[in-house]
Amino acid sequence: MAPTVRVCRLALLQLKVSMCKADNISRARNLLHQAVGGGAEIAILPECFNSPYGVSYFAKYAEPIPGETTEALSEMAISNGVYVVGGSIPECDQEGLFNTTTVFAPNGDLIAKYRKMHLFDIDIPGKITFKESDALMPGSGFTHFTTPFATIGLGICYDIRFPELAQIYANKGCELLIYPGAFNMTTGPAHWELLQRARALDNQLFVATVSPARDPDASYVAWGHSMVVNPWGTVIASAEGDEKIVYADLDMGLLRDVRRRIPVMAQKRLDLYQESTPRL
């Protein structure tokens with residue numbers, strides 16, 4: 001059944017992540033409860049919200065699904081009566097380790113699970129070198145789900161750099177893309193907002209990103225700046241670096257207006273785009 005509600009309030013929980021998993025879960029629970037008091041209908045946590053972000057931490061903090069963290073997320077959804085997008089956690093199963101997002105309905109059911117498809121392997125001399133693939137395996141599936149408010153597609157952090165993922169979700173009818181992410185102090189100032197606005201504008205949909213709060217003493221320092229961008233490419237809500245709840249009201253009527261006034265979705269020349277191009 002298609003969503004029927006035109007306005008939805010998101011809460012982005014820009015959580016400060018510590019070395020203690022139990023403390024991270026407790027802080028998430030407290031922030032989520034505050035967000036519901038602020039009218040949130042969908043609450044979203046950051047990438048690796050239960051664990052420090054780093055190749056050396058993933059195996060230590062990894063857990064199966066269901067497990068300690070996802071059971072806590074299910075309980076949070078039930079006790080607060082909201083949809084909970086559980087940022088991401090290091091997940092372990094018989095295949096290996098993954099960076100995984102889970103989504104829980106207000107009744108506590110797990111309704112979506114997404115494994116990060118594009119792993120963060122970069123080398124910027126003199127700035128940052130990081131190779132997620134030293135510890136993690138990539139996911140291989142798309143995940144979207146439907147709520148009374150919107151059809152929602154999931155990505156994680158580095159996935160936002162790949163426009164094909166967002167385009168496929170838009171073609172599947174998604175109206176909101178959610179990317180828990182932890183850009184750093186090099187790529188964050190340069191690309192974080194730019195990429196969100198590009199994905200929102202190209203696909204005429206809402207984009208929400210949720211970062212951990214910035215901890216200057218951490219081995220990996222997140223940029224923060226959790227944000228929501230509307231289908232016109234306008235930033236409608238954002239944070240700075242500190243721990244904070246960011247609220248955004250999404251008007252699905254605006255999305256439909258934008259798509260009607262500038263109907264690029266119907267004007268695409270798919271007959272030409274299928275031409276093969278050389279791989280670099």
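Student: Is Asp202 buried, partly exposed or exposed?
Tutor: In this predicted model, Asp202 has a relative accessible area of 41%, so Asp202 counts as partly exposed.

Student: Which side chain does Asp202 meet in a salt bridge?
Tutor: The partner is Arg199, with an N to O distance of 3.8 Å. The cut-off for a salt bridge is 4 Å between the side-chain nitrogen and the carboxyl oxygen.

Student: How many residues separate Asp202 and Arg199 in helix α5?
Tutor: They are 3 residues apart, which means a separation of about one helical turn. Arg199 is buried, because its relative accessible area is 7%.

Student: What does Arg197 pair with?
Tutor: Arg197 forms a salt bridge with Glu193, and their closest N and O atoms are 3.6 Å apart. These two residues also belong to helix α5 and lie 4 residues apart, so about one helical turn separates them.

Student: And how accessible are Arg197 and Glu193?
Tutor: Arg197 is partly exposed at 38% relative accessible area. Glu193 is partly exposed as well, at 35%.

Student: What is the salt-bridge partner of Glu132?
Tutor: The side chain of Glu132 meets that of Lys116, at 3.0 Å from N to O. Glu132 sits in the loop between β8 (128-131) and β9 (144-146), and Lys116 in the loop between β6 (110-115) and β7 (121-124), so this pair ties together parts 16 residues apart in sequence.

Student: Are the two residues buried or exposed, Glu132 and Lys116?
Tutor: Glu132 is buried, with a relative accessible area of 0%. Lys116 is buried too, at 1% relative accessibility.

Student: Why can such side chains pair at all?
Tutor: Side chains of opposite charge can pair when their charged atoms come close.

Student: How many salt bridges are there in the whole structure?
Tutor: A search of the whole structure gives 15 salt bridges.

Student: Which residues are linked in a network of salt bridges?
Tutor: Glu91, Asp93, Glu95, Lys113 and Arg115 are linked in such a network.

Student: Let us turn to the backbone. What joins Ile65 and Pro66?
Tutor: A cis peptide bond joins them, with omega at about 5°. Pro66 is placed in the loop between α2 (55-61) and α3.

Student: What about phi of Cys48?
Tutor: Phi of Cys48 is positive, about 45°, although the residue is not a glycine. Cys48 lies in the loop between β2 (42-44) and α2. Its relative accessibility is 2%, so Cys48 counts as buried.

Student: And phi of Gln204?
Tutor: Gln204, a residue other than glycine, has a positive phi near 50°. Gln204 is in the loop between α5 (187-203) and β12 (206-210). With 3% relative accessibility, Gln204 counts as buried.

Student: How are Leu110 and Leu97 placed by the two counts, sequence and space?
Tutor: Leu110 and Leu97 are 13 residues apart in sequence and 20 Å apart in space, taken from C-alpha to C-alpha. Leu110 is found in strand β6 and is partly exposed, with a relative accessible area of 42%.

Student: Now the helices. How do the axes of α1 and α3 cross?
Tutor: The axes of α1 (residues 21-37) and α3 (residues 68-80) come within 11 Å and cross at roughly 20°. That makes α1 roughly parallel to α3, because angles under 35 degrees count as roughly parallel. The crossing of α1 past α3 is right-handed.

Student: Last topic: which residues form a nonpolar patch on the surface?
Tutor: Leu270, Leu272 and Tyr273 form that patch, and together they have about 320 Å² of accessible area. Leu272 is in helix α8 (residues 270-273). With 45% relative accessibility, Leu272 counts as partly exposed.

Terms used: Residues are numbered from 1 along each chain as its sequence is written. This is a predicted model: local features need pLDDT of at least 70, side-chain atom pairs count only at pLDDT 80 or more; totals for chains, interfaces and linings use all residues. Side-chain values use heavy atoms; hydrogens and water are left out. Patches are made of residues with over 30% relative accessible area and no salt bridge: like charges are joined within 9 Å, nonpolar side chains (Val, Leu, Ile, Met, Phe, Trp, Tyr) within 5 Å. Accessible areas come from the Shrake-Rupley method with a 1.4 Å probe; for residues, only the protein chains shown count as cover. Buried means under 20% relative accessible area, exposed over 50%, partly exposed in between (1.4 Å probe, protein chains only). Axes are lines fitted to C-alpha atoms, for helices over the stretch in contact, and angles run from 0 to 180 degrees between N-to-C directions. Angles under 35 degrees count as roughly parallel, over 145 as roughly antiparallel, 65 to 115 as roughly perpendicular and the rest as oblique. A crossing is left-handed if the near helix is turned anticlockwise from the far one by less than a right angle, and right-handed if clockwise.
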